[in-house]
Amino acid sequence: MSVTRRYHAPVWDEPVVLELGAPGRRGFVPPAPWSDDTDDAPLLPESLLRTAPPELPELAEYEARRHYLHLAQETLGMMGISLFGTCTMKHNPSVNEAVAARPEVAAVHPRQDPSTYQGLLGIVHALGEGLKNLSGMDAFSFQPGGGADAAFLHVCVTRAYHASRGELAQRRQIVTTAQAHPCNPATAAAAGFEVVTLPVEEDGYPSLEALQAAIGPQTAALMVNNPDDMGIYNPHIKQWVEAVHEVGGLCFYDHANFNGVMTRVQAADLGFDACMFMLHKTFGVPKGGGGPAVGAYGCSAELARFLPGPVIAEVDGAFVLEEPEQGVGRVREYLGNVHQLVKAYSWLRAMGTDGLREAADLSVLANNYMEQRILQVPGVTRSLPGLGDPRLEMTRFSMAEVTAETGVTAVDVQNRMSDFGIDAMWLSHEPWIVPEPFTPEAGEMWSKEDIDTWIDVLAHVLDEARTDPELVRTAPHRQVVAKIDPSGLDDPDGWATTWRAYVRKHGPRAAREGATA
């Protein structure tokens with residue numbers, strides 16, 4: 001497969017759907033009411049009746065079908081080779097979509113009596129049991145709508161735990177590291193804690209001595225990733241947990257990077273009080289463009305009393321919903337994104353323990369193969385280059401040498417690679433502690449040919465940066481959307497995420513104003 005193969009994303013000059021059609025066009029006309037009831041009373045209470053018709057497009061059926069067919073043909077999102085680090089972009093089996101769409105799942109109303117959807121409750125309960133086996137935790141909540149939500153639930157549980165012991169006024173600090181995911185310090189601050197961030201040292205993580213100097217009777221919790229986004233595993237993590245426990249703090253394991261250590265590491269074995277799994281990454285569930293996601297939060301029996309309700313319990317062979325005695329309150333409606341839980345359960349059962357272990361092994365193997373090839377590309381270095389040990393399922397690299405030589409940045413390279421059918425690569429969380437970073441992650445899904453193609457494109461674009469830097473700086477050139485002017489993106493007067501907001505701020509477009517039947 002050659003990097004110079006012909007590629008161009010399909011492009012349609014397609015307006016938004018609200019700019020199409022004309023007044024009076026219909027794809028479906030509902031029949032007149034069949035009832036002979038002559039009662040003039042409204043079918044809905046007055047307070048629920050619209051005062052004006054909804055702002056909906058008026059289209060014939062063929063127009064609607066054509067519009068969405070065009071959008072489906074365009075490359076609007078991640079549809080190429082996507083080695084998107086820290087997000088574990090893996091195959092999402094289509095059969096799981098079909099299962100989650102079944103009426104036994106999709107048509108269930110959360111306010112039904114639990115006796116009427118025992119099967120669905122059984123699936124969610126069984127998923128919790130599977131995650132207990134992987135983590136060693138005693139209880140799980142699936143309410144959090146993503147990893148950051150799960151981190152926030154932990155700081156809420158931390159607050160409740162220390163309050164129950166009469167120590168909350170004293171324990172005001174949460175300790176994290178410079179390489180922890182930003183949701184950990186952000187959620188700690190949002191919950192009212194002071195954040196203590198430990199800097200990364202020469203071996204890729206803060207020293208145990210630095211941690212010990214930072215903790216004490218003021219410490220509420222430790223929140224860390226391991227491995228981090230540089231692919232480095234802290235071998236002293238068990239001593240870290242013991243040190244925090246000695247001063248009375250809790251320990252939270254952010255498992256966003258669990259993919260490469262599945263079946264190899266149990267949070268409870270390392271002493272952690274709680275952990276989080278991203279089902280929309282590690283467990284084969286679609287990310288869905290920012291949602292719906294699930295941050296599965298697991299904790300010890302000591303903390304289970306603080307979980308948000310309802311939780312599922314098995315009593316005399318039946319599944320019931322219970323409220324924990326000191327629950328912190330809802331963090332999301334009902335049981336969370338239940339259809340995503342069904343997909344994760346299906347994926348987990350299909351993989352089995354042996355499959356999970358093989359997937360982790362393949363992820364680590366692919367990462368180290370990829371690293372050997374990438375480091376042969378001129379101008380690319382590895383984060384913390386003095387560390388020669390193999391990395392786990394992802395490694396952060398730097399193209400700072402290329403930027404210094406050509407002025408072409410990592411963002412420019414990211415845009416240009418999309419011209420070859422490569423999805424935008426992951427750079428780094430902010431703030432960057434590695435200059436001009438990029439962080440690929442192959443996982444267990446991508447073939448050797450895919451990985452080779454990705455690296456060949458990277459090498460080709462970096463060569464272009466030296467021979468024709470303006471070509472790279474002005475990319476993309478073969479995508480649906482060309483490079484936009486970012487100068488107004490931060491102007492709130494221009495924001496319009498809905499059609500109503502657009503019309504309010506800018507007025508209807510000429511195409512809409514001039515539409516005729």
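Modeller: In this predicted model, Asp316 sits in the loop between strand 8 and strand 9 (318-322). Its phi is near 55 degrees, a positive value in a residue other than glycine.

Biologist: Why is Asp316 called exposed?

Modeller: The relative accessible area of Asp316 is 82%. Exposed means over 50%, so Asp316 is exposed.

Biologist: What makes Leu384 partly exposed?

Modeller: Leu384 has a relative accessibility of 24%. Buried would need a value under 20%, and exposed a value over 50%. The value for Leu384 therefore puts this residue in the class in between, partly exposed.

Biologist: Where does Leu384 lie, and what is its phi?

Modeller: Leu384 is in the loop between strand 10 (381-382) and strand 11 (397-398). Its phi is positive, about 50 degrees, although Leu384 is not a glycine.

Biologist: How many disulfides does a search of the whole structure find?

Modeller: The search finds 0 disulfides. Take Cys156: the nearest cysteine sulfur belongs to Cys299 and is 13 Å away. A disulfide needs the two sulfur atoms within 2.5 Å, and Cys156 is in no disulfide.

Biologist: Why are Cys156 and Cys275 called buried?

Modeller: Buried means under 20% relative accessible area. Cys156 has 9%, so Cys156 is buried. Cys275 has 0%, so Cys275 is buried.

Biologist: Which strands form the open sheet, and in what order?

Modeller: There are 3 strands, in the order 10-11-12, and the pairing is antiparallel.

Biologist: What makes strand 10 and strand 12 stand at the edges?

Modeller: Each has a single partner strand, so one side of each is left without a neighbour in the sheet.

Biologist: How do you know that strand 11 and strand 12 are paired?

Modeller: Pairing takes at least two bridges. Strand 11 is joined to strand 12 by 2 bridges, and the two run antiparallel. The two strands therefore meet the requirement for a pair. As for the residues, Ser398 has Pro437 in strand 12 as its bridge partner.

Biologist: What is the form of the peptide bond from Gly309 to Pro310, and where is Pro310?

Modeller: The bond from Gly309 to Pro310 is cis, with omega near -5 degrees. Pro310 is in the loop between helix 9 (301-304) and strand 8 (311-315).

Methods: Residues numbered from 1 in each chain as written. Predicted model: local features only at pLDDT ≥ 70, side-chain atom pairs only at ≥ 80, totals over all residues. Heavy atoms only, no water. Buried < 20%, exposed > 50% of the residue type's maximum accessible area, 1.4 Å probe, protein only. Helix = DSSP H or I, 4+ residues; strand = E, 2+ residues; numbered from the N terminus.
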